[in-house]
Amino acid sequence: MGGTIRIDAAEMDYTALNRQIRSAAASGATEVVLDHVLGQRFIADGLRGTVRLIINGVAGGDLGMFMSGPTCIVHGNAEHAPGNTMNGGVIVIHGSAGDAVAHSMRGGKVLVRDDIGYRGGIHMKEYYDKTPVLMVGGNARAYLGEYMAGGLIVVFGLGGGAAVTERGIGSGIHGGEIYIRGPVEDRLLGVGARKLPVGDAERKRIAPFVQEFASHFDMDAKELLAGDFTRIGPASSRPFASKYTWE
Amino acid sequence: MCGIIGVIDRGRKEMDGTQIRRALAQMNERGSGEGAGYAVYGCYPEYRDCYALHVFFDNIHENKKEVDDLLEQWGRIVHEGQIPTYDQPNLRKIHAPWRYFFKPDRSLMSWSPSPEDDIVTHLVMRINTDHRGALVISSGKNMGVFKASGWPEEVADFYRIQDYRGYLWLGHNRYPTNTPGWWGGAHPFNLLGWSVVHNGEITSYGTNQRFIRSYGYHCTMFTDTEVVAYLIDLLVRKHGLPEKMAVRALAPPFWDEIDAMGERERKLNTAIRLTYGPALMNGPFAIVVANPTMMMGFTDRIKLRPLVAGECGDRLYISSEEAAIRRMEPGVERTWMPRAGEPVIGRVNG
């Protein structure tokens, strides 16, 4: 029981790799280190428990899909959709990630040190105590929080320039909140999204998440929280009611 | 879903096909084993002045004579022969790949500003629309397309792609979604020096191919990507648009973005959109296009397909996945995600 298991993922297919990860977790390992990962998809998909995966290399698409509990720490970039429909646990990416990060996420946290691609947080949702969180140290591309139904997105924009400079932020959003450090041009807001005031209550709400983010990447949480934030949320809870119904 | 990759060495240093074969196989999750292919530039230096016509014959005895006669009517066959192939257990050799090194007779189209290119385009369209058991799949100088139905490794081994050398390569791993997979439907698609690989679907195919038909281009391969090769040939070679402007026509900015531009930019972009409305490509796509002097990657304007670029010394890589680039070049110095609708271009030096 306990201890660390190392797996050399070089030239290994994702099916074989995931089989080894599951068997390591089932044997009671507390930590599994994957070396030479290069684009293997579906790592830790559907994995439960509290095991900690250290992923050295480029994680392939759909990292941690349906995952419920474990922690994945990636030393490298991730391809598309890490945290897809994830239910619980944490994904920490010491690098950048591709499009559709945290796609349809239902719980847990995805923390990305650098940049994310298009449609970050698309259709994130929440239910009672399940509130998914996506935090991005760098910049995010267009359609951030598209069709968002719940949860929290924070983008710090530490990569330089404005945190988000592309269109469609919160397109079709009907739940949840997006915090973007610094100003956001009105023309970048998507249909159904609007800016909301940021007061002490809001800062207090995001503070614990910012602290956790900062601790993973050796950053100063106070500094991250110090700037002005733009908060974006839904203009109404059913922005498209009249489009699909005749009530 | 498909996997694409391209690499250009700006110093024209040659690479063999070993690495791109590995990179494509890296993306097998993006394919279905129904089509794969490679384009290589710089592979026929001994016939650099001839058009290398790669032709799929249904059978050589019956279908070849007509093509021979047609070529001799329009110029001279300098050299010809079967493209060497090597049997693979899971790949059925449905067509016989043949190559001609062809010199057109300029005097036969003396009214044209580019008689040789126009003769070859005419011949490609003529042979491909005749449906007489012959299909020209590439027609550029000092380059060639090698493709078939199968997985990327099988298709590579079938042609021994590892033995070809070139300074620019494109590769494609196909997952056909809207039409059945067949040899002619595998990518890359080519016309003259242009080759195209594509992930996604061009939902405006009907409009685009009607537009291009009025300029003498006929789509014959039952799949959408073919039209992209012809659109690029029309816009860049025939109409003289810079490549960047051609991408503006194919994946233009939204009207509200054009409205927010300065006057000069606004006028230019409005003119491009109005002139080339029927060339606008709708739907999700990530595309890499090459000609003998450059390689260019771009996506649709709302970024519905992935595209990553990487650089290592003189080499520019463009692919669906970062891991494929790293498989090809583990020492890659920088990777980045190009913005939607904005081309990444690598050109050979000098």
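Me: What radius of gyration does chain B have, and what would a compact globule with 350 residues have?

Reply: This is a predicted model. A compact globule with 350 residues would have a radius of gyration near 20 Å, and chain B has 19 Å, so the value agrees with that of such a globule. Along its principal axes, the C-alpha trace of chain B spans about 60 × 50 × 40 Å.

Me: What percentage of the residues of chain B count as buried, and what makes a residue buried?

Reply: Of the 350 residues of chain B, 51% count as buried. A residue is placed in that class if 20 or more other C-beta atoms lie within 10 Å of its own.

Me: What is the secondary structure of chain B, and which percentage describes its contacts between residues at least 24 apart?

Reply: Chain B comes to 10 helices and 18 strands. Among its contacts between residues at least 6 apart in sequence, 73% join residues at least 24 apart.

Me: Why are α1(B) and α4(B) called roughly antiparallel?

Reply: The axes of helix α1 (residues 18–26) of chain B and helix α4 (residues 152–159) of chain B cross at roughly 155° and come within 8 Å. Angles over 145 degrees count as roughly antiparallel, and α1(B) and α4(B) are therefore roughly antiparallel to each other.

Me: Which residues meet in this pair of helices?

Reply: From α1(B), B:Arg21, B:Leu24 and B:Ala25 meet B:Pro152, B:Glu153 and B:Ala156 of α4(B). By class, this contact has 4 nonpolar, no polar and 2 charged residues.

Me: Why is α6(B) called oblique to α7(B)?

Reply: Helix α6 (residues 225–238) of chain B and helix α7 (residues 243–250) of chain B pack at an angle of about 130°, with their axes 9 Å apart. The roughly perpendicular class runs from 65 to 115 degrees and the roughly antiparallel class lies over 145. The angle of about 130° makes α6(B) oblique to α7(B). The crossing of α6(B) past α7(B) is right-handed.

Me: Which residues make this contact, and how many of them are nonpolar?

Reply: B:Leu231, B:Ile232, B:Leu235 and B:Val236 of α6(B) make the contact with B:Glu243, B:Ala246, B:Ala249 and B:Leu250 of α7(B). By class there are 7 nonpolar, no polar and 1 charged residues.

Me: How many residues does each chain bring to the contact between chain A and chain B?

Reply: Chain A brings 13 residues and chain B brings 12 residues. The side of chain A that touches chain B has 4 nonpolar, 6 polar and 3 charged residues.

Notes: Residues are numbered from 1 along each chain as its sequence is written. Chains are lettered from A and ligands numbered from 1 in the order in which they are written. This is a predicted model: local features need pLDDT of at least 70, side-chain atom pairs count only at pLDDT 80 or more; totals for chains, interfaces and linings use all residues. Axes are lines fitted to C-alpha atoms, for helices over the stretch in contact, and angles run from 0 to 180 degrees between N-to-C directions. Helices (H or I, at least four residues) and strands (E, at least two) are DSSP runs, numbered from the N terminus. Angles under 35 degrees count as roughly parallel, over 145 as roughly antiparallel, 65 to 115 as roughly perpendicular and the rest as oblique. Two residues are in contact if their C-beta atoms, placed from the backbone, lie within 7 Å. Ala, Val, Leu, Ile, Met, Phe, Trp, Tyr, Cys and Pro count as nonpolar, Asp, Glu, Lys and Arg as charged, and the others, Gly among them, as polar. The radius of gyration is taken over C-alpha atoms; the globule rule is 2.2 Å times the number of residues to the power 0.38. A residue is buried if 20 or more other C-beta atoms lie within 10 Å of its own, exposed if 12 or fewer, and partly exposed in between; C-beta atoms are placed from the backbone. A crossing is left-handed if the near helix is turned anticlockwise from the far one by less than a right angle, and right-handed if clockwise.
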